[in-house]
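Here's a quick briefing to read with the model open. Have a look at the structure first, then work through the notes by topic.

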Amino acid sequence: MHGRPRKAPKPEDEAASTAKAQKLRALQTQFFSFHHDQIYTKEAVELSAKLLEINPESYTAWNYRKLAVEHYLSQPECDPDSVKSVLDDELRVVESALRQNFKSYGAWHHRKWVLSKGHSSINHELRLLDKFQKADSRNFHAWNYRRFVAELMNRSEQDELKYTEDMIYTNFSNYSAWHNRSVLLSALLEKKAEGFLLKENVLPEEYEFIHQAIFTDPDDQSGWFYNLWLLDQTVTTDSPLLVSTWPTCGSDVLIMGDGCQSGSFSPFTTLLSDSGSFPIILYFNQPVEGVNSSTVTIECGFNKNGYLHWEPLSVSNSQAAQVWVAHLKFPTSELDSSVEVSVGHSKGIISTRGVHYCHPSTFSFNVHVQPVERDSFQVSVAESILWREENFKVYRAQSEESIPIAYFDQLCIKNGHESTASNWRTEALAKEIECFRELLSLMDCKIGKLTLARLLMAYNAMSFPFATKLVHSEVLELYNDLMKLDPTHHRYYKDEHSLVLLQKMTCSKESLLQHCFQYKDSGSSVIGNPICLRLNNLSLSRIGAFEKLLWVQMLDLSHNELQSIEGLEAMQLLSCLGLGNNKLRSVTALEPLRKLKSLRVLDISYNQIGDHSIDTTRYLCSSPLSHSVGTGVNKDETVISDAALVNYWEAFYMFKDLNLNQLDIVGNTIADEKFKSALVKIMPTLKRLDGKVLD
Amino acid sequence: MEDIPPYPPIDPTTFDLIVIGTGLPESIIAAAASTASKSVLHLDPNPFYGSHFSSLPLADLPSFLSTHSTSPSPPRSRSSEDSNEFSVLDLCTRPLYSSIDISVFSPDLLDQNSRKFNLDVAGPRVFFCADKSIELILNTGANQYMEFKSIDATFVGDNKGNLLNVPDSRAAIFKDKSLGLMEKNQLMRFFKLVQGHMAGEQDVKISDEDLQSPFVDFLNKMGLPPKIKSFILYAIAMADYDQEDTGVCRDLLKTKDGIDQLALYNASIGRFQNASGALLYPIYGQGELSQAFCRRAAVKGCIYVLRMPVTALLVDKDSGCYKGVRLASGQDIFSQKLILDPTFKVTLPSGSSPPSPLQAKLPFFSQKDDRGKIARGICITMTSLKPDMSNFLVVYPPRSLFPEQATSIRLLQIASNLAVCPPGMFVLYISALCNDDDQGKKLIHAVVNILLTVPPINSESNAAVQSETAESGCAVQDENAESSSTGPSDPGEGKPTLLWSALYNQELTLGQDDFICSTPMPDGKLNYDDLIDAAVKLFKKIYPEDEFFPQTSSENPEDEDDGDGDGDVSLET
């Protein structure tokens with residue numbers, strides 16, 4: 001069934017297929033007329049069988065047969081015996097259709113339909129499947145049908161598990177068998193069936209099993225797939241965890257107006273807000289649902305009713321997100337108050353796998369509000385942010401500054417909770433690491449290297465407080481090797497390399513501080529006085545490590561190789577973002593920015609927006625085209641009044657919600673004068689476009 | 001042989017070729033010659049087909065062996081009478097089997113079933129699904145007359161009685177429990193190297209220098225651990241001699257040949273539907289193979305006369321050239337060419353001196369070679385050596401049983417589903433190359449003692465058999481009595497009990513093609529390929545102008561059975 005070269009058709013074959021087509025056409029015409037007139041006589045039904053025997057792909061014919069069966073069953077003279085014989089006839093037709101084409105969706109579906117009527121012998125089905133699965137052991141139709149039959153006859157998962165084992169022993173290059181194994185094991189683990197009570201008892205045996213396949217033939221992919229599933233089972237904790245927040249626990253946050261600076265606050269936690277509120281960000285280790293004012297409660301002096309609207313930060317607008325944000329309003333008067341946030345003390349936060357958040361945690365921070373002077377923003381507009389080297393100077397941290405990254409250790413909430421339970425996980429990972437190191441000592445194996453890299457990162461993340469920085473260098477080296485060894489997947493390795501690099505840079509206060517800069521002279525800036533995190537010139541193709549960057553207000557990502565800024569929506573405090581000289585290819589690639597309400601200054605100059613006629617992110621982006629427009633979008637707004645904007649509807653959707661003051665878009669194919677004038681219309685708040693002050 | 005049935009005289013009396021003996025090489029030559037439109041007369045003194053390649057009922061095996069173990073019988077008086085035109089050279093048999101040792105432990109059980117046995121005289125022997133002999137069977141259409149079953153597995157045995165699975169394929173490596181992960185990886189990579197090399201992939205080509213070097217050196221160079229090396233050398237490449245001891249190794253495998261063997265093995269796996277492993281065995285025993293070729297010959301016009309001994313050769317008085325044979329019936333039959341089976345030896349007439357041309361040729365003809373011998377053993381048990389398996393091969397690599405063991409010992413267990421024995425019984429065929437009778441016995445006994453419980457002889461019915469073989473060497477039970485009394489404690493718990501055994505050593509007589517062409521005795525190999533080569537060579541010698549089984553396009557059209565009966569393998573590619 002597999003690995004057979006395709007043969008060019010011979011002339012006589014073509015003649016035969018022409019004859020077949022002719023015959024089929026005649027049959028089909030007759031069939032359609034029967035179908036149309038709802039004729040379900042014996043002849044008519046037999047004709048459909050004939051048609052299906054030649055062409056099992058005829059979905060209409062299958063549906064017709066379903067109607068015919070229903071018609072027959074509804075007759076008053078229909079007794080149980082004849083029901084059975086009618087259904088048996090159906091099974092025969094399906095069987096002969098399957099002989100014609102084993103991979104006919106319609107035929108398999110019809111068989112399921114007949115079986116679910118519940119009048120047919122199921123035992124025969126297993127025999128039939130055995131025959132088919134012997135002929136083509138990987139055929140996913142057969143495996144799919146097998147799951148259906150097994151469920152119908154209440155065959156135990158253990159028996160089916162044994163069956164996958166037998167099939168794997170016959171030939172372990174069998175994705176379908178491995179896949180079914182993962183499905184069955186998941187079910188058994190979930191049920192907590194006897195012998196499958198604990199993952200830590202089941203998974204080691206599976207690791208042992210898959211190693212046999214991987215070591216025997218590392219070039220075979222099917223084993224690696226299963227291995228990946230096992231790793232996921234090992235690494236992913238069942239219950240979601242809160243890994244990071246802003247403000248961080250115990251921090252002092254200064255919310256202020258136009259640049260008045262009180263000396264005791266760190267520029268890391270000073271926030272300029274023009275909206276009368278500041279964000280609270282919760283960052284989980286996996287997407288969760290059900291974050292709301294009852295599952296997350298706030299206690300503070302100025303928000304008495306405690307209600308907060310929590311918003312999921314996901315581009316896809318689904319109700320599940322890894323990052324959630326709420327905006328806490330503060331009074332206009334000067335204020336000093338502590339805020340306590342309790343997460344998960346009442347049930348309701350639930351992972352996409354359906355597991356409840358079960359590690360209730362509380363964090364608190366202090367807020368100091370300095371009232372905003374009315375016209376401060378007007379003044380500051382005159383100044384523009386220039387991402388020039390000379391405008392930045394290395395930041396020297398004051399002695400005991402409350403740098404948000406200093407709280408990393410406290411963020412590691414998960415370790416306190418799961419330390420004992422996760423012992424087996426770290427042990428399993430350590431074993432795997434040792435195992436694949438051994439494999440790589442024997443041979444150069446791409447997927448082996450990739451797996452080792454993943455394992456090392458997972459292990460590192462799991463043993464967080466004791467994580468070593470050396471791991472990052474080793475993993476980076478592995479990805480460098482892979483880029484050379486396997487150029488076809490260069491971009492993937494590059495992305496992973498970028499993510500690891502970011503992990504490395506953010507893993508400690510010292511390394512992060514090396515990338516922290518101060519913009520111009522402190523105190524005179526438009527954006528308060530934040531620290532600028534400069535991650536420029538690192539040839540990053542992807543960004544990550546957001547859980548450690550929630551505090552960043554000014555971010556320089558210029559001169560990288562970014563094609564996507566996926567995940568950036570988590571950085572809710574961002575007000576200045578430099579993305580110049582990257583490889584962004586379309587306006588829709590900027591989608592995450594729509595969620596950044598504080599963004600005022602954006603530089604996307606010298607990218608490739610408009611270079612490519614095919615926009616690969618268009619259908620991922622939430623727009624009327626992808627039918628995924630969230631509830632937040634007012635229908636009326638979508639009516640684009642200005643004819644000039646019609647051509648730039650993507651830009652319209654992207655920029656209309658942004659309150660940008662300054663935009664640099666020069667150096668992109670799309671950025672001609674027409675486009676720029678459209679932008680000005682879209683964004684009335686815009687004061688500066690490509691360095692020019694707008695009226 | 002005293003009372004020859006009254007045969008009608010054979011007519012015609014002149015043939016292109018007379019073949020004497022229906023062993024495999026003779027049968028192939030007879031079939032090939034008939035196919036090449038020669039008139040062929042095929043004779044055999046025995047009442048069955050196959051000669052030294054036959055499968056015999058239990059009761060017939062001992063007498064067959066002993067007939068061929070005695071020194072030549074004195075020439076019959078009448079055959080030495082020279083006629084006017086011919087010198088008559090008496091044919092007599094030469095001893096081919098020695099130290100025959102038959103032990104019966106359950107006479108009653110076996111007597112009832114004697115006819116239900118088909119015991120291979122030249123076992124153990126199997127086919128590789130992709131070897132030359134299977135090719136020949138398919139090309140000639142002999143597959144119409146035979147059915148096969150797959151041998152389930154190959155094991156390597158050790159001196160503790162354990163049988164280790166031989167990881168001979170990708171699936172087997174995966175499944176294997178005794179190999180470590182590293183070993184699995186190394187072994188599979190080696191297999192892939194061989195496959196890549198055979199497929200002509202440039203980047204994995206094995207250098208010529210390596211190909212000419214000893215295989216064992218190449219395996220060492222590839223860094224394979226001893227266990228895997230042993231698997232590859234002895235259980236897959238089927239090397240006979242200790243490859244790591246050049247002192248005793250008479251046949252050092254070159255890398256090229258080793259690789260070819262591995263490739264053959266690899267190509268054999270999965271070649272036929274229903275054949276799970278690399279090896280095949282014919283239903284009803286290996287005697288079927290000779291018989292299939294005889295049938296093939298008969299279809300093409302070859303005349304068969306069994307139970308017809310030949311007493312003498314007729315030789316032209318002047319030229320010393322072969323003219324014909326004299327049958328035991330007294331009839332003289334003439335032919336251009338003659339093929340003799342290895343049983344026979346030409347003796348000079350006692351009185352007269354032979355014609356001079358003949359004198360020069362004869363010494364070569366009766367020359368004795370010293371290639372050593374092969375020790376064979378046939379054992380019958382009631383239980384399988386492996387509880388859940390019927391048909392399998394076991395290899396004991398050199399030095400695996402005792403330090404002086406210089407050659408591989410191979411054991412093939414065949415069950416009743418291959419119709420070689422009554423239901424519920426198992427036949428074990430054992431063989432090993434040896435230099436002399438004592439060494440041979442030691443090799444076979446080593447295996448018997450480690451795998452089987454040998455009961456003490458008690459019944460009187462054995463006496464006769466015992467006395468017959470008393471002088472031909474130490475009996476099995478003696479050895480065992482010794483080992484079980486000195487051995488630790490194991491009373492053979494779980495080991496199958498021996499019901500019957502025949503141990504014997506066989507001469508490794510080669511084929512000859514000088515004065516008279518004669519075929520070889522069964523060799524020490526596991527399959528038939530070398531024997532087929534020898535048959536082709538002899539055919540080419542007598543008919544250099546003719547093609548050996550010319551390829552015809554539609555040879556086996558009516559092979560339509562779908563072959564999913566009970567695991568029978570019908571040879572369809």
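This is a predicted model: local features need pLDDT of at least 70, side-chain atom pairs count only at pLDDT 80 or more; totals for chains, interfaces and linings use all residues.

**Helix packing**

- Helix α10 (residues 199-216) and helix α15 (residues 423-442) of chain A have axes that come within 11 Å and cross at roughly 10°; axes are lines fitted to C-alpha atoms, for helices over the stretch in contact, and angles run from 0 to 180 degrees between N-to-C directions.
- Helices (H or I, at least four residues) and strands (E, at least two) are DSSP runs, numbered from the N terminus.
- On the α10(A) side, the contact (heavy atoms within 4.5 Å) includes L203(A), Y207(A) and F215(A), while W424(A), C435(A) and F436(A) are among the α15(A) partners.
- That contact divides into nine nonpolar, one polar and three charged residues; Ala, Val, Leu, Ile, Met, Phe, Trp, Tyr, Cys and Pro count as nonpolar, Asp, Glu, Lys and Arg as charged, and the others, Gly among them, as polar.
- Over in chain B, helix α9 (residues 226-236) packs against helix α10 (residues 255-268) at about 75°, with axes 10 Å apart, which means α9(B) is roughly perpendicular to α10(B).
- I232(B), A235(B) and I236(B) from α9(B) touch Q261(B), L262(B) and Y265(B) from α10(B), a set of five nonpolar, one polar and no charged residues.

**Where the chains meet**

- Chain B puts 15 residues into the contact and chain A puts in 22.
- About 1,600 Å² is buried between the two chains, 60% of it on carbon and sulfur atoms; buried area is the accessible area (1.4 Å probe) that two parts lose on being put together, summed over both.
- In chain B, R170(B), F174(B) and L181(B) lose the most area to chain A, together 43% of what that side buries.
- Four salt bridges cross this interface, each a side-chain nitrogen of Lys or Arg within 4 Å of a carboxyl oxygen of Asp or Glu.
- D217(A) and K192(B) pair up in a salt bridge at 2.5 Å, N to O.
- Helices α5 (170-175) and α6 (181-198) are the elements giving two or more residues to chain B's side, and α6(B) supplies the largest share, eight residues.
- Chain B's side divides into six nonpolar, two polar and seven charged residues.

**A salt bridge within chain A**

- R92(A) bridges to D89(A), with the closest N and O atoms 2.5 Å apart.
- Because these two are three residues apart in helix α4 (residues 80-100) of chain A, R92(A) and D89(A) are separated by about one helical turn.

**Backbone details**

- Most residues other than glycine have a negative phi, and most peptide bonds are trans.
- W246(A) and P247(A) are joined by a cis peptide bond, omega about 0°, and P247(A) sits in the loop between β1 (242-246) and β2 (252-256) of chain A.
- N154(A) has a positive phi, near 60°, in the loop between α7 (140-152) and α8 (157-170) of chain A.

How values were computed
Residues are numbered from 1 along each chain as its sequence is written. Chains are lettered from A and ligands numbered from 1 in the order in which they are written. Side-chain values use heavy atoms; hydrogens and water are left out. Angles under 35 degrees count as roughly parallel, over 145 as roughly antiparallel, 65 to 115 as roughly perpendicular and the rest as oblique.
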